[in-house]
Amino acid sequence: PRCDAEAAGDALWNNGAVWGKMLRHKCTEARNAAPHPWTGNNVNVKIVDHCSGCPSTIDLSREAFTQIANPVSGIINIDYHGPIDYLSSSS
């Protein structure tokens, strides 16, 4: 599985408690009119930053986003699980 970076929004950040944690994400639907935005893939990401004031829970890197959704989708809904152990995880 891949490992990409992301920033956690205020709702997830929890005073830095999630910094350095690995989460697994999968796109569930687009939040705009983009048809079939999801790839069906999972992506593992490590929280490396705080996105203070972000309207979303998670701000994925472009690389991570394109693993789970078409970039033209813009904003997507995701399921995420974690923290996970990257060394023993699979896509």
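Ala, Val, Leu, Ile, Met, Phe, Trp, Tyr, Cys and Pro count as nonpolar, Asp, Glu, Lys and Arg as charged, and the others, Gly among them, as polar. This is a predicted model, in which local features need pLDDT of at least 70 and side-chain atom pairs count only at pLDDT 80 or more, while totals for chains, interfaces and linings use all residues. Residues are numbered from 1 along each chain as its sequence is written, and side-chain values use heavy atoms, with hydrogens and water left out.

**Overall fold**
- The chain has two helices and five strands, and from the N terminus on these elements run β-α-β-β-β-α-β; helices (H or I, at least four residues) and strands (E, at least two) are DSSP runs, numbered from the N terminus.
- Of the 91 residues of the chain, 34% count as buried, where buried means under 20% relative accessible area, exposed over 50%, and partly exposed in between (1.4 Å probe, protein chains only).

**Residue R24**
- R24 lies in strand β2 (residues 22-30), and R24 is buried, with a relative accessible area of 18%.

**The largest pocket**
- The residues that line the largest pocket divide into nine nonpolar, six polar and three charged; a pocket is an open set of points on a 1 Å grid over the protein atoms alone, where a 1.4 Å probe fits, with protein on both sides within 12 Å along at least five of seven lines, and lining residues have an atom within 4 Å of a point.
- The largest share of this lining, four residues, comes from β5.
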